[in-house]
Amino acid sequence: MMAKKPPKPAPRRIFQERSKITALPLYFEGFLSVKRSEYQEYKHYWTELRGTTLFFYTDKKSTTYVDKLDIIDLTCLTDQNSTEKNCVKFTLVLPKEDVQLKIENTESGEEWKGFILTVTELSVPLHVSLLPGQVIRLHEVLEKEKKRRIETERTPSSSPEKGKQPVEDYEDVLNPMPACFYSVSRKEATEMLEKNPSMGNMILRPGSDSRNYSITIRQEIDLPRIKHYKVMSAGKNYTIDLEKPVTLPNLFSVIDYFVKETRGNLRPFIYSTDETLETKGFPVTSLK
């Protein structure tokens with residue numbers, strides 16, 4: 001007899017679980033193919049537009065997002081020509097990256113453009129091809145977003161989505177970081193691993209958006225190779241951006257995962273003293 005498949009979460013429970021992650025209002029949702037600057041190709045996600053943030057889930061039933069994108073500073077939305085039938089492609093031009101989106105349905109593509117432009121420009125776009133009922137929905141969302149912005153400005157401390165945190169905020173005296181965490185850039189992490197191979201070959205560092213993290217490793221197979229892995233904060237958990245994403249309860253577990261999966265070939269990079277690190281010209285985040 002075949003084993004029974006685990007029950008799938010009910011739609012209401014999925015909504016409740018996702019609402020625990022963020023208090024941002026849900027305006028629109030659907031499937032999107034996304035290509036960010038660090039992606040080699042498009043990734044297919046079930047996507048929610050909450051406030052001015054896109055939350056990406058591996059599928060419609062997932063309760064924890066694997067990535068998110070704040071689009072409040074959208075510079076412009078540019079259409080792309082598509083050779084695929086009934087396919088809509090456009091690019092979100094943001095200050096720090098261009099994100100390509102693809103929707104396998106013309107009507108859904110127009111809706112996505114309409115909702116994205118409405119919440120970022122705080123006006124209903126006139127050049128998007130939508131039905132009267134869809135335009136009414138955009139006006140409703142516009143009023144909700146305007147109200148949310150006003151309330152957020154009045155009580156910034158209670159905003160569900162805080163602004164970018166400075167690098168120093170990664171330090172938490174109640175939740176100490178792994179010993180291989182350093183407040184360094186991708187380039188600095190690479191230099192540290194290349195110049196000091198005896199001290200370890202894996203560094204945990206802040207991500208480019210100051211909300212998530214990255215793992216930089218140096219492996220010697222045929223030739224030394226540097227690789228970088230994105231570690232995304234997902235509620236109280238952390239998700240490693242792999243072909244099959246892995247979600248773990250804390251950053252210590254993230255480090256342990258890399259060590260165990262490589263059977264000890266990856267070792268946390270640890271300087272013997274902070275003074276040694278400072279003399280080599282790299283910033284130090286105290287872990288005491």
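Of the 288 residues of the chain, 42% count as buried. The structure is a predicted model, with six helices and twelve strands. Its average pLDDT is 80, and 78% of the residues score at least 70.

**Confidence**

- Residues 1-7 have a pLDDT below 50, and this stretch makes zero contacts in the model beyond near neighbours in sequence.
- Residues 156-175 also stay under 50 in pLDDT, yet the model has 26 contacts for them beyond four places in sequence.
- Where pLDDT is low, predicted coordinates should not be read in detail.

**Surface and contact range**

- The chain exposes about 16900 Å², of which carbon and sulfur atoms supply 51%.
- Counting contacts in the chain between residues at least 6 apart in sequence, 47% join residues at least 24 apart.

- Five antiparallel strands make up an open sheet, in the order 8-9-10-11-12.
- Strand 8 (202-206) and strand 12 (246-248) are the edges of this sheet; each has a single partner strand, so one side of each is left without a neighbour in the sheet.
- On average, neighbouring strands of the sheet are turned by 25° against each other, direction ignored.
- Strand 11 (residues 237-240) is joined to strand 12 by three bridges in an antiparallel arrangement; Thr239 has Thr247 in strand 12 as its bridge partner.

**Pairing around strand 7**

- Strand 7 (residues 98-103) runs antiparallel to strand 1 (residues 26-35), with three bridges between the two; here Lys35 stands opposite Gln100 in strand 7.
- Strand 7 is also antiparallel to strand 6 (residues 88-93), through six bridges.
- Strands 6 and 7 form a hairpin, with four residues between them.

**Nonpolar cores**

- The largest nonpolar core contains 32 residues, and Leu49, Phe90, Leu92, Trp112 and Ile116 have the most contacts inside it.
- At least two residues of this core come from each of strand 1, strand 2 (43-50), strand 3 (53-57), strand 6, strand 7, helix 2 (106-121) and helix 3 (132-154).
- Helix 2 gives the most to this core, namely five residues.
- Another core, of 18 residues, lies apart from the largest one; Cys180, Phe181, Tyr238 and Ile255 are among its members.
- In soluble globular proteins, nonpolar side chains tend to be buried together.

**Leu92 and Leu101**

- Beyond its neighbours within four places in sequence, Leu92 is in contact with residues including Leu54, Leu69, Ile71, Leu74, Cys76 and Leu77. Its contacts also include Glu97, Asp98, Val99, Leu101 and Ile116.
- Leu101 lies in strand 7 and has 0% relative accessibility, so Leu101 counts as buried.
- Not counting residues up to four places away in sequence, Leu101 touches Leu32, Ser33, Val34, Tyr42, Val88, Lys89, Phe90, Leu92 and Ile116.
- Leu101 and Lys89 are twelve residues apart in sequence, while their C-alpha atoms are 5.7 Å apart in space.
- Both Leu92 and Leu101 have Ile116 among their contacts, and Ile116 is one of the residues with the most contacts inside the largest nonpolar core.

How values were computed: Residues numbered from 1 in each chain as written. Heavy atoms only, no water. Pairing = 2+ DSSP bridges. Axes fitted to C-alpha atoms, helices over the stretch in contact; angles between N-to-C directions. Core = buried A, V, L, I, M, F, W, Y, C linked by side-chain atoms within 4.5 Å. Buried < 20%, exposed > 50% of the residue type's maximum accessible area, 1.4 Å probe, protein only. Contact = heavy atoms within 4.5 Å. Areas by Shrake-Rupley, 256 points an atom, 1.4 Å probe, with all protein chains shown as cover. pLDDT = per-residue confidence, 0-100.
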